[in-house]
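This report goes through one protein model, beginning with a term that the later sections rely on. Please keep the sequence and the structure in view while reading.

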Amino acid sequence: MLLHEHGAFLEPPGVVGGTESASTCLIILNYELGWYWQDLWASSSLRVAADGGLNRLHDSFAAGDDAGRARFVPDFVVGDFDSLRQDVREFYTSRGTVARHDSGQDNNDLSKCLEMVRGLQQDPLLQSSSDSPKPYQLVRRGGLKQQGTCVSGSQVEPGGESGVGTEESGQQAHGDAQQNTLFNVLVTGALGGRLDHEMANLNSGFEFEGAFRSSIAFLSATSMACVLGPGKHTIQLGRRHHTGVCGVIPLGCPTECISTTGLKWDLDGDRMCFGGLISSSNLVVAADSCVTVDTSHPVLWTAEITP
């Protein structure tokens with residue numbers, strides 16, 4: 001049974017139940033950042049902007065507030081850079097952001113980010129033991145955080161000196177790590193705006209289901225959602241920001257058999273499909289805010305959130 005603690009990441013660092021920062025990746029897309037984004041930033045060890053999402057981050061600060069912007073410099077910006085403004089790119093790369101260009105047109109910017117993060121999980125440099133630096137610090141130590149650096153695929157195109165030698169040394173130093181660093185992935189700006197963008201983002205959730213520590217959490221100002229793969233799941237909702245309103249949606253394909261506990265209108269071996277039964281406007285009634293879902297096919301779990 002997989003456990004999804006979908007309340008913890010909305011808690012700021014230091015709050016009981018808050019997300020462990022060393023295992024959290026925040027991805028910023030090109031839509032509203034949400035009222036929670038600075039808490040998510042503080043709770044994350046790896047921060048990635050998807051192409052125009054870097055514009056969104058930059059423009060969230062008042063004109064001239066470069067000091068404020070400099071406090072929130074992501075580790076990577078990923079995409080084909082058709083939306084990324086040149087002045088924004090120069091501002092962040094000069095402060096250490098790695099630009100990873102991917103010109104592919106078959107995947108959206110979110111999938112490109114997720115593919116990179118999945119690759120980082122498999123990098124021996126990131127397979128750190130408990131007394132090692134956080135994963136993103138290992139990337140920086142490896143020399144990829146040179147000023148003006150651009151990473152294209154597996155190649156490093158440095159604006160200054162190459163960090164390849166340092167990276168190889170880092171890989172040897174951490175080559176005896178026992179297991180990969182697995183991230184919880186949070187995506188802000190994933191919901192809302194253009195419907196085709198929303199659907200493409202959710203498709204990425206289905207594509208990368210099972211690739212990370214828990215299901216990818218998609219966020220907007222009022223909702224969070226995640227894909228639950230076939231099998232048994234326990235969803236632990238936070239009490240502070242969740243209203244209890246929720247839904248279980250058979251997105252992608254019919255769900256032949258699904259059962260739940262902890263909901264006002266539980267499912268009991270039901271079949272769900274578009275054009276038939278779906279569970280929307282449901283309500284969490286479990287006293288411990290814990291819901292279980294046992295499903296034969298992937299489904300989309302949704303929950304309402306509030307400041």
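## A term needed first

A residue is called buried when its relative accessible area is under 20%, exposed when that area is over 50%, and partly exposed when the value falls in between. Glutamate 115, with a relative accessible area of 40%, is therefore partly exposed.

## The model and its confidence

The structure is a predicted model, with a mean pLDDT of 78 for the protein, and 73% of the residues reach 70 or more. In residues 12–20 the pLDDT is below 50, and this stretch has 15 contacts in the model beyond near neighbours in sequence. The pLDDT is also below 50 over residues 127–180, where the model places 88 contacts beyond near neighbours in sequence.

## Overall architecture

The protein contains eight helices and 17 strands, and of its 307 residues 51% are buried. When contacts between residues at least 6 apart in sequence are considered, 70% of them join residues that are at least 24 apart. The protein exposes about 13700 Å², of which carbon and sulfur atoms supply 46%.

## Salt bridges

Side chains of opposite charge can pair when their charged atoms come close. The count of salt bridges in the protein comes to six, and among them is the pair formed by arginine 85 and aspartate 59, with 3.0 Å from N to O. This pair links distant parts of the chain, since arginine 85 sits in the loop between strand E4 (76–79) and helix H4 (86–93), whereas aspartate 59 belongs to helix H2 (residues 53–59), 26 residues apart. Arginine 85 is partly exposed at a relative accessible area of 32%, and aspartate 59 is likewise partly exposed, with 46% relative accessibility. Arginine 85 also forms a salt bridge with aspartate 87, where the closest N and O atoms are 3.4 Å apart, and aspartate 87 has a relative accessible area of 44%, which means that this residue too counts as partly exposed.

Another salt bridge joins the side chains of glutamate 115 and arginine 118, at 2.7 Å from N to O. What separates these two residues along helix H5? Glutamate 115 and arginine 118 are three residues apart in helix H5 (residues 109–121), so about one helical turn lies between them. Arginine 118 is partly exposed, at 26% relative accessibility, and glutamate 115 is partly exposed at 40%. Elsewhere, salt bridges that share partners join Asp59, Arg85 and Asp87 into one network.

## A nonpolar surface patch

Which residues make the nonpolar surface patch of about 340 Å²? The patch is made by Val245, Trp265, Leu283 and Val285. One of these residues, leucine 283, lies in strand E15 (residues 279–283), and leucine 283 counts as partly exposed because its relative accessibility is 30%.

## Backbone angles of note

Most residues other than glycine have a negative phi, and most peptide bonds are trans.

Serine 281 is not a glycine either, and its phi is positive at about 50 degrees. Is serine 281 buried or exposed? With a relative accessible area of 59%, serine 281 is exposed, and this residue lies in strand E15, the strand that also holds leucine 283 of the nonpolar patch.

## A buried serine and its contact

Serine 215 is found in the loop between helix H8 (195–207) and strand E9 (217–219). Its relative accessible area is 11%, so serine 215 is buried. What does the side chain of serine 215 reach? The side chain of serine 215 reaches the backbone oxygen of valine 227, at 2.7 Å.

Methods: Residues are numbered from 1 along each chain as its sequence is written. This is a predicted model: local features need pLDDT of at least 70, side-chain atom pairs count only at pLDDT 80 or more; totals for chains, interfaces and linings use all residues. Side-chain values use heavy atoms; hydrogens and water are left out. Helices (H or I, at least four residues) and strands (E, at least two) are DSSP runs, numbered from the N terminus. Buried means under 20% relative accessible area, exposed over 50%, partly exposed in between (1.4 Å probe, protein chains only). Contact means heavy atoms within 4.5 Å. Accessible areas come from the Shrake-Rupley method with a 1.4 Å probe; for residues, only the protein chains shown count as cover. A salt bridge is a side-chain nitrogen of Lys or Arg within 4 Å of a carboxyl oxygen of Asp or Glu. Patches are made of residues with over 30% relative accessible area and no salt bridge: like charges are joined within 9 Å, nonpolar side chains (Val, Leu, Ile, Met, Phe, Trp, Tyr) within 5 Å. pLDDT is the predictor's confidence in each residue, from 0 to 100. A polar contact is a pair of N or O atoms within 3.5 Å; within protein, one must be able to donate a hydrogen and the other to accept it, and residues adjacent in sequence count only if both atoms are side-chain atoms.
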